[in-house]
Amino acid sequence: MNETHIVSSFTDDMNELESLLLQMGGLVEEQLKNATLALKKSDRELAKTVLKGDERINDLEAQLNETAIKILALRQPVAVDLRSVVMSLKIARHLERVGDYAKNTARRINTITKASAFTGSVSTLVRMCEMVQSMIKSALDAYSKRDSNLAEEVRHNDEYVDQMHNTLFRELLTYMMEDQQHISGSIHLLLIAKNLERMGDHVADIAKETQYMVTGEWPENQRNKGDNTSKMIIDLVDIEGK
Amino acid sequence: MELSMTLDATTKAPIMSAKNVDVFYGAKQAIDDVSLDIAENQITAFIGPSGCGKSTFMRCLNRMNDTISSAKVTGDIRFAGQDIYSSKVDVVALRKRIGMVFQKANPFPKSIFDNVAYGPRIHDLAESKDHLEDIVVTSLKRAGLYDEVADRLDESGTGLSGGQQQRLCIARAIAVDPQIILMDEPCSALDPIATAKIEELMEQMKEDYTIVIVTHSMAQAARVSNKTAFFHLGKLIEFDETDTIFTNPANTLTQNYISGRIG
Amino acid sequence: MPDYTLTTSKQLQRRHAAEKRFQWYGRIAIAISVSFLVFMFTAIIFRGAGAFQQTEIGLNVALEEQVIDPQGLRDAGDISRANYKPLIMDAMQDIFPDVSERREKNQLYRLLSSASVFELGERVAKNPDLIGTTQTLWLPASSEVDLYMKDKIDQDVPEELRRLKDRDIAWVETLRSQGLIKKSFNKNFFTNGDSREPVMAGILGAALGSFFSLMICFIIAFPLGILTAVYLEEYATKNKLTDLIEVNINNLAAVPSIVFGLLGLAIFLNFFELPRSTPLVGGMVLALMAMPTIIIASRSILRSVPQNIRDAALGLGASKTQTTFHHVVPLAMPGMLTGTILGMARALGETAPLLMIGMIAFIVDVPKGVTDVATALPVQIFLWADSPEKGFVERTSAAIIVLLAFLIVMNLTAVYLRRKLERRW
């Protein structure tokens, strides 16, 4: 398909929209990376920069919304252009949410560093972070390259994030049962894990929307929901019985 | 690429169906192997760049191409199962069943009443003077024009505004009670308000008539039609539900055309 | 820095100069053609105006019964043919009692037109009650007296070269001093046919001849021309044959009119043996001549009827013929009528073809129908222009004025019809 519209300013607008979204994506990626690093190194300063960085993402989203509305109003896009504009709007929303979770994660790092450390859980968390990071990167690649297969892969990767979340959930519950002093730290770690799991879901949605944008059809196969923490019960008896 | 150009079997039989239609103007081929079905009580839009053959194809449907001596139509076009190019077919009867509204509003330079009454008169549709009046008023009402002209039916039809003239032409077409109304770019000379009125009218008329519209405005096709056919260089490139065409067209040519890309 | 200057340059001056020059060329061209026209019209009107007046001499004529109707039968034919000359001469004698010599009396009598006896006869025949009374009657003066009264006789010419001698002039002056000579509206010019005597020559015969010819021309050329045009434009398929017909119609329009005259002579007179010199044949020849023009004009009018009117009718299921006769022809009719009238106006001015079919004969009687022998306006002009009598000079110009009036009336009719019937689409 030809990327050039007869009216070249239309193409310029579409390019602007895409570049805003990629900028946003880049920032979100950066935020998550910094949050991960801060978590890994218990670096409060770095966590603070993450807190500040979220504002820029929100600004970019506002700017993107404006551009998208302008295109809808002035160019009346159809077909692939229409799908691009509408999906960009939705993807931006997801990115913004991911940014919010990164910020929330950074905020909790502050608290955790004061509480007792759990090296084991943190390293699982960091792995989870890295997984989500790479998903965001791939999702943005799929978006910018209009690559439906890559997007499919991203959606698939969300399963691993969910599995890690399950593992962490179980692990932290166990910790909390073993020692009540661990409860406060564990809860924060649990919530960070929850953040990451939510981020994964958002990125999976981004991938799904990218697929629709590219093909014009919503992917038929339902993604496996790997998250089953909602059904998880660990009895004290089980642990003591071991 | 294999394209299914016909309707799925679940809908009822199409009121018109064309198979392998070719049209030649002298040696020049204007329509190349077009097959499509027109569903009853729906609005079918033909879109495509200038000279793509959409108007030519539409004019095959009521044999208006007969008036051009160099035009030759081959293939099979059926209206309610009958081959309209058969030698037994009375063109007058065909055109009575398949009315037409043209790009440029073309009221006769007669009174508004006579404009609408002309069709019923030549086809002897009215049993009496009162009946004729009844037909005229009903037609004008259906075309959404009656309220605007009720007190000046004896004034010239050419004195109306462009949009009113076009609605007068629609009323005139309706007056002979056709099954299908062909519209050849009916709004291309009208302002957006007049256009909107005609589009609204089409939406209402859909209940009683089958409408085929040729339009340059893709937005109009998107707004009014149920099905859209995209023509390019005399070929039917894509024919599908309008929402599919405008959100996810199957063919790159269609995509490029409707999204304003260099094709 | 872009150049925003608006006031320039030699170019502009040159352009303005060129525009002005061109406008002046146009104005000069118009001025020249208008001055030609004005010159022509003033010359014609100046010369012709006199013909609308006629000099009359008033006489007290004793209408004696013994002379006019000795048997007292009051038969109109006999009354008009009676010998009025002595009565007139007696009346003259009363005015000029000194004139006694027979030759002089005759000279005196010649102050009156030779037609005045017939004129008197007609009047009396129309009103037999006058017989036996003495009436003051105004009778037409002779052509020479008429010209003298209109100051058109050059008195510097030696007497022997003049037809109006000095003595005649003296008599006329006497009459003038007694108020017995006057100029009045020349009714005869509009009610008479041709005559050898300029004073009695009228235009009515020729005008009616032209009128009848044009009627025939219209009756033949209009339906034929329009049917041809409609068929060629609306029905005929384009092929070699129709091309050939079209080319020939265009050629016919350019054929010299005398050729049509020869054609009429050969076919209508020699072959069909229709009556010679009649408006019937004249009209047929003129119809032949006007038809190509009418066809060409009608076709271009038909072509200018917008296609979408035809589409509208056909799209409603009207047949070809219904479309043509309900919509196309009515819309084209004003234009076609105009074209026809203009074509006929051209035919009105034609002389040559009428010469060939004998409408040039000297015909005194006013035609009463299309089969009566007649002449036509342009032929009459030609005949009078050719006549030696001086009195015909002004009549020639007057006839031209009548012909021009005819043309103007026809053209105005065309304009009126177009305005009246034309419908915008």
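In the predicted model, 68% of the contacts in chain B between residues at least 6 apart in sequence join residues at least 24 apart. Chain B contains ten helices and ten strands. Its radius of gyration is 18 Å, close to the 18 Å that the globule rule gives for 263 residues, so chain B is as compact as a globular protein of that length. Along the principal axes, the C-alpha atoms of chain B fill a box of roughly 55 × 45 × 40 Å. Of the 263 residues in chain B, 48% are buried.

Strand 3 of chain B, residues 43-47, is mostly covered, with five of its five residues buried. In a regular strand, side chains alternate between the two faces of the sheet. In strand 3 of chain B both faces are covered. Ile43(B), Ala45(B) and Ile47(B) are buried on one side, and Thr44(B) and Phe46(B) are buried on the other. Strands of a sheet pair through backbone hydrogen bonds, in either a parallel or an antiparallel arrangement. Strand 3 of chain B runs parallel to strand 8 of chain B (residues 210-214), to which it is joined by four bridges. A parallel pairing over four bridges also links strand 3 of chain B with strand 9 of chain B (residues 227-232). Ala45(B) takes part in both pairings: it stands opposite Ile213(B) in strand 8 of chain B, and its bridge partner in strand 9 of chain B is Thr228(B).

Helix 1 of chain B, residues 54-61, is likewise mostly covered, and eight of its eight residues are buried. These buried residues are Lys54(B), Ser55(B), Thr56(B), Phe57(B), Met58(B), Arg59(B), Cys60(B) and Leu61(B). The list includes the charged residues Lys54(B) and Arg59(B). Helix 1 of chain B is followed by Arg63(B), which has a positive phi, near 60°.

Tyr118(B) is located in helix 3 of chain B, which spans residues 112-122. With 23 other C-beta atoms within 10 Å, against a threshold of 20 or more, Tyr118(B) is classed as buried. Apart from neighbours within four places in sequence, Tyr118(B) is in contact with Phe108(B) and Arg172(B) of chain B and with Leu316(C) of chain C. Tyr118(B) and Val176(B) are 58 residues apart along the chain, and their C-alpha atoms are separated by 9.0 Å.

Chain C is divided into domain 1, covering residues 53-185, and domain 2, covering residues 204-421. The C-alpha centres of domain 1 and domain 2 of chain C lie 45 Å apart. Three strands of chain C form an open sheet in the order 2-1-3, with antiparallel pairing. Strand 2 (134-140) and strand 3 (181-185) of chain C are the edge strands, each pairing on one side only. Neighbouring strands of this sheet are turned by 40° against each other on average, with direction ignored. Strand 1 of chain C, residues 53-62, pairs with strand 3 of chain C in the antiparallel sense over five bridges. Within this pairing, Phe185(C) in strand 3 of chain C is the bridge partner of Gln53(C).

Thr324(C) is found in helix 15 of chain C, which comprises residues 320-348. Thr324(C) is buried, having 22 other C-beta atoms within 10 Å. When residues up to four places away in sequence are not counted, Thr324(C) touches Val230(C), Glu234(C) and Val329(C). The C-alpha atoms of Thr324(C) and Leu302(C) are 9.9 Å apart in space, and the two residues are 22 apart in sequence.

In chain A, a positive phi of about 50° is found at Ser42(A), although this residue is not a glycine. Ser42(A) is situated in the loop between helix 1 (8-41) and helix 2 (44-75) of chain A. It counts as partly exposed, with 15 C-beta neighbours inside 10 Å. Ala79(A), also not a glycine, has a positive phi of about 50°. Ala79(A) lies in helix 3 of chain A, residues 79-114. Ala79(A) is buried, with 24 other C-beta atoms within 10 Å.

How values were computed. Residues numbered from 1 in each chain as written. Chains lettered and ligands numbered in written order. Predicted model: local features only at pLDDT ≥ 70, side-chain atom pairs only at ≥ 80, totals over all residues. Domains from an automatic or database assignment. Helix = DSSP H or I, 4+ residues; strand = E, 2+ residues; numbered from the N terminus. Rg over C-alpha atoms; globule rule 2.2 N^0.38 Å. Buried ≥ 20, exposed ≤ 12 C-beta atoms within 10 Å, placed from the backbone. Contact = placed C-beta atoms within 7 Å. Pairing = 2+ DSSP bridges. Axes fitted to C-alpha atoms, helices over the stretch in contact; angles between N-to-C directions.
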